[in-house]
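Here is a brief report on one protein chain. Please look over the model before reading on.

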Amino acid sequence: MIYIPHKYVFIIGGSSNNNVYYYNEDTTLFEQWAALNSAHAEPACAFVNDALLYVFSNGSCERTNLRTQPYWEQAVPRV
């Protein structure tokens, strides 16, 4: 779960679940976002540049752009 100021709370996946939901504070409703490509048990999340939401778990990383794309893509972290 991650809070995106000042409007959303994202609830992300699980060990056998790739669903993503978000709570919209304006409408007070839970809504579904695009499903992850794979399930992520206890994922770590990061919100970057007020647009990109990253999910890290099980040695993989996925990202979505909250402004433009309602889908997830594999992300390769740069070292």
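The sections below cover salt bridges, a pocket, a surface patch and some backbone details.

## Basis

The model is predicted.

## Salt bridges

Side chains of opposite charge can pair when their charged atoms come close. How many salt bridges does the count give? The count comes to two.

One joins the side chains of Asp26 and Lys7, at 3.3 Å from N to O. This pair links distant parts of the chain, 19 residues apart. Asp26 sits in the loop between strand E3 (17–24) and strand E4 (29–33). Lys7 sits in the loop between strand E1 (2–4) and strand E2 (8–14). Lys7 has 28% relative accessibility, so Lys7 counts as partly exposed.

The other salt bridge brings together the side chains of Glu73 and Arg63, at 2.8 Å from N to O. Glu73 lies in strand E8 (residues 73–74) and Arg63 in strand E7 (residues 60–65), so this pair ties together parts that are ten residues apart in sequence. Glu73 has a relative accessible area of 27% and is therefore partly exposed. Arg63 is partly exposed too, with a relative accessible area of 27%.

## The largest pocket

How much space lies in the largest pocket? The value is about 190 Å³. Its lining is made up of Ile4, Pro5, Lys7, Tyr8, Phe10, Tyr22, Trp33, Phe47, Asp50, Ala51, Leu66 and Arg67.

By class, the lining residues divide into nine nonpolar, three charged and no polar. Lys7 is one of the lining residues, and its side chain also takes part in the salt bridge with Asp26.

## A nonpolar surface patch

Which residues form the nonpolar patch on the surface? They are Met1, Ile11, Tyr21 and Phe30. Together they have about 440 Å² of accessible area.

Ile11 belongs to strand E2. Its relative accessible area is 31%, so Ile11 counts as partly exposed. Patch residues need over 30% relative accessible area.

## Positive phi in one loop

Asn49 is not a glycine, yet has a positive phi of about 55°. Where is Asn49 found? Asn49 is in the loop between strand E5 (44–48) and E6. With a relative accessible area of 65%, Asn49 is exposed.

Asp50 also has a positive phi of about 55° and is not a glycine. Asp50 lies in the loop between E5 and E6. Asp50 counts as exposed because its relative accessibility is 57%.

## A buried strand residue

Val55 has its place in strand E6 (residues 52–57). Is Val55 buried or exposed? Val55 is buried, because its relative accessible area is 0%, and the cut-off for buried is under 20%.

Val55 and Cys45 are ten residues apart in sequence. From C-alpha to C-alpha, Val55 and Cys45 are 4.6 Å apart.

Definitions and conventions
Residues are numbered from 1 along each chain as its sequence is written. This is a predicted model: local features need pLDDT of at least 70, side-chain atom pairs count only at pLDDT 80 or more; totals for chains, interfaces and linings use all residues. Side-chain values use heavy atoms; hydrogens and water are left out. A salt bridge is a side-chain nitrogen of Lys or Arg within 4 Å of a carboxyl oxygen of Asp or Glu. Helices (H or I, at least four residues) and strands (E, at least two) are DSSP runs, numbered from the N terminus. Buried means under 20% relative accessible area, exposed over 50%, partly exposed in between (1.4 Å probe, protein chains only). On a 1 Å grid over the protein atoms alone, a cavity is a set of points where a 1.4 Å probe fits but cannot get out, and a pocket is an open set with protein on both sides within 12 Å along at least five of seven lines; lining residues have an atom within 4 Å of a point. Grid points are joined across faces, edges and corners, and a volume is the space filled by probe spheres set on the points. Ala, Val, Leu, Ile, Met, Phe, Trp, Tyr, Cys and Pro count as nonpolar, Asp, Glu, Lys and Arg as charged, and the others, Gly among them, as polar. Patches are made of residues with over 30% relative accessible area and no salt bridge: like charges are joined within 9 Å, nonpolar side chains (Val, Leu, Ile, Met, Phe, Trp, Tyr) within 5 Å. Accessible areas come from the Shrake-Rupley method with a 1.4 Å probe; for residues, only the protein chains shown count as cover.
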